[in-house]
There are 2 protein chains.
Amino acid sequence: MTERNKVTVTINKRTYTIVGKESREHVELIARLVDDKMKEIYESNKHLDSTMLAVLTAINTMSEHVKLKEEFEELLTLIEEEK
Amino acid sequence: MTERNKVTVTINKRTYTIVGKESREHVELIARLVDDKMKEIYESNKHLDSTMLAVLTAINTMSEHVKLKEEFEELLTLIEEEK
């Protein structure tokens, strides 16, 4: 049986219960990073409501993720070519 | 002067204007990925409001991003060691 953890975190003053295989430490780290990014975006656009803030946080994170994925794939291709 | 693009995208039925150095193609791709992930999370939890949906989308994306970052760093360490 796969162990499933239940971790409660607070993001932008609301609590979320995350259920999954991830460790408590991983979920808490992720929540902190998301909360920090939301605060950062809020600081530069104080008129945004919480949905907009969360969507912009998701966009920002997705953008970094897609760029890192491209870099990762380039690196794998380089390694493959050097073999 | 750095060129700044203004791209309007729709996510979960609301429009967002994204201003930045990223190309229109990149911003549209990112918006589509975020919108798809929100829809996917909505399908498994239809009682969630839009803020919760967007926060869970950000958490999910951040989690994938942090894991990829770790893999990327491990790969760089491996390359460094082989030199």
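Through which surface do the copies, chain A and chain B, meet? In this predicted model, 100% of the interface residues of chain B are also interface residues in chain A, so the copies meet through the same surface.

The contact draws 36 residues from chain B and 36 residues from chain A, and between them the two chains bury about 3500 Å², of which 79% lies on carbon and sulfur atoms. Across this interface ten residue pairs are found in polar contact, and four salt bridges are also found between chain B and chain A. One of the salt bridges joins the side chains of A:Asp49 and B:Arg14, with a distance of 2.8 Å from N to O.

On the side of chain B that touches chain A, strand S2 (14-20), helix H1 (24-44) and helix H2 each supply at least two residues, and H2(B) gives the most, with 23 residues. The residues of this side of chain B comprise 21 nonpolar, seven polar and eight charged ones.

Helix H2 of chain B, which covers residues 50-82, has 33 residues and reaches 48 Å from its first C-alpha to its last, close to the 48 Å expected at 1.5 Å a residue. At the start of H2(B), a side-chain oxygen of B:Asp49 comes to within 3.1 Å of the backbone nitrogen of B:Thr51.

Conventions: Residues numbered from 1 in each chain as written. Chains lettered and ligands numbered in written order. Predicted model: local features only at pLDDT ≥ 70, side-chain atom pairs only at ≥ 80, totals over all residues. Heavy atoms only, no water. Contact = heavy atoms within 4.5 Å. Helix = DSSP H or I, 4+ residues; strand = E, 2+ residues; numbered from the N terminus. Expected span 1.5 Å × (residues − 1). Polar contact = N/O pair within 3.5 Å; in protein donor to acceptor, adjacent residues only side chain to side chain. Buried area = accessible area lost by both parts, 1.4 Å probe. Nonpolar A, V, L, I, M, F, W, Y, C, P; charged D, E, K, R; others polar.
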